Amino acid sequence: MSNEKRVTSNESMVQAKFFEVLQSAEERGKLSFDDLLLLLSTTRKDELEALFASADRVRQRFVGDEIHLRGIVEFSNICIQNCFYCGLRRDNRQLFRYRMIPGEIVEAAKIVKSRGLKTLVLQSGEDPWFTRERIAGLIREIKDSTGLTITLSIGERPDEDYEDWKKAGADRYLLKQETASSTLFQRLRPGRKLEDRLNSLRALKKLGYEVGSGNMVGLPGQKAKDLAKDIQLFLEYDFDMIGIGPFIPHPRTPLAGSSPGDLPRTLKVLAVTRIVTRNTNLPATTAAGVLELNGRQRALQAGANVIMPDITPWAYRQHYQIYPGKIHEQLEEGKMDELISSLGRRISSGTGYRSPLKNS
Ligand code: 5AD
Ligand code: SF4
């Protein structure tokens with residue numbers, strides 16, 4: 001056999017293996033670490049298309065065609081943490097800082113309700129002005145006046161805070177693992193440990209929250225095996241929601257000169273996550289839309305089933321600059337409906353809790 005022929009036949013064997021692993025993952029929802037890596041490592045167009053199509057079928061089979069909308073209100077951009085990747089980090093002195101007062105937050109919640117959305121996400125930096133009592137009061141007031149499902153996304157707090165907020169009426173909590181590599185985590189989040197974050201995630205689950213987590217794809221120094229570990233962690237913790245977005249360098253951070261994560265790699269992580277986690281809620285992240293005009297649409301066709309429209313008042317929204325480009329990526333109401341129906345999908349009329357796992 002000539003050398004050329006031998007190379008071709010090796011290549012086709014590797015390809016046959018890819019399709020075999022993909023088919024078995026779609027059928028059984030299980031993958032070994034090596035097979036996770038195999039799926040994540042492809043760069044071939046035909047394999048990528050097959051991977052996204054498979055994730056789309058799994059999405060259809062386990063969570064259907066409905067898209068859940070979560071209205072997000074970014075109520076404070078003040079943060080005591082100093083994450084290397086984030087524009088809200090405390091050392092970024094060039095950012096105009098704001099804090100909405102509770103009355104304004106309740107008004108924003110009412111707008112979420114009036115838009116017909118069923119879930120409110122209250123998000124902020126780690127802002128100590130919002131004490132346990134203040135957040136609990138806010139939750140009670142919003143529940144009483146709107147009845148919305150409330151998701152908190154306000155960082156790491158003592159377990160007692162989570163407990164009081166649950167009693168006050170909070171339903172869900174988002175806390176991203178960011179990366180399952182403890183080395184990378186510690187390097188990029190000075191003074192913080194992955195282990196503590198995971199302890200918080202366990203506590204939240206135990207308290208009965210629906211728990212969301214997630215990661216960033218393309219962090220400097222992140223390897224394919226770190227992404228496979230991220231997916232294994234999603235499975236181990238059985239998260240209800242998982243936000244997967246590309247890393248986008250912010251000019252006022254120590255990572256200003258790093259390369260951004262790329263969309264195909266982000267979509268690969270999303271698609272494999274859908275295939276193995278089956279019925280989780282996976283948002284088409286705003287960050288995916290920053291990388292490419294139709295990034296969010298592509299995410300919805302590669303496993304995603306959630307969109308989080310930004311309902312933060314305009315005066316503040318421009319200052320919630322986690323990464324550049326975010327402000328331009330907001331889907332207006334009309335455009336979002338158009339996008340959803342153009343994909344043959346529909347907006348869910350329910351509260352969007354994770355659907356029970358079907359045995360099919
Ligand atoms: N690029 C993309 N996502 C980012 N986040 C923070 N900084 C960046 C960035 N530069 C994400 C993190 C965090 C959430 C608030 O935003 O995942 O949890
Ligand atoms: Fe603060 Fe979160 Fe940004 Fe870190 S990622 S600096 S904790 S807002």
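Biologist: At roughly what angle do the axes of helix H4 (residues 102–114) and helix H5 (residues 132–146) cross?

Modeller: This is a predicted model, in which local features need pLDDT of at least 70, side-chain atom pairs count only at pLDDT 80 or more, and totals for chains, interfaces and linings use all residues. Residues are numbered from 1 along each chain as written, chains are lettered from A and ligands numbered from 1 in written order, and side-chain values use heavy atoms, without hydrogens or water. Helices (H or I, at least four residues) and strands (E, at least two) are DSSP runs numbered from the N terminus; axes are lines fitted to C-alpha atoms, for helices over the stretch in contact, with angles from 0 to 180 degrees between N-to-C directions. The H4 and H5 axes come within 10 Å and cross at roughly 35 degrees.

Biologist: Is Thr253 buried or exposed?

Modeller: Thr253 sits in the loop between strand E6 (241–246) and helix H10 (263–277). Beyond four places in sequence, its contacts (heavy atoms within 4.5 Å) include Phe84, Tyr85 and Arg89. Buried means under 20% relative accessible area, exposed over 50%, partly exposed in between (1.4 Å probe, protein chains only). Because its relative accessibility is 8%, Thr253 counts as buried.

Biologist: Which strand pairs with strand E1 (residues 66–76) over six bridges?

Modeller: Two strands pair if DSSP finds at least two bridges between them. E1 is joined to E8 (residues 346–347) by two bridges, in parallel, and likewise to E7 (residues 306–307) by two parallel bridges. Glu74 has Gln123 as its bridge partner in E2. The parallel partner over six bridges is E2.
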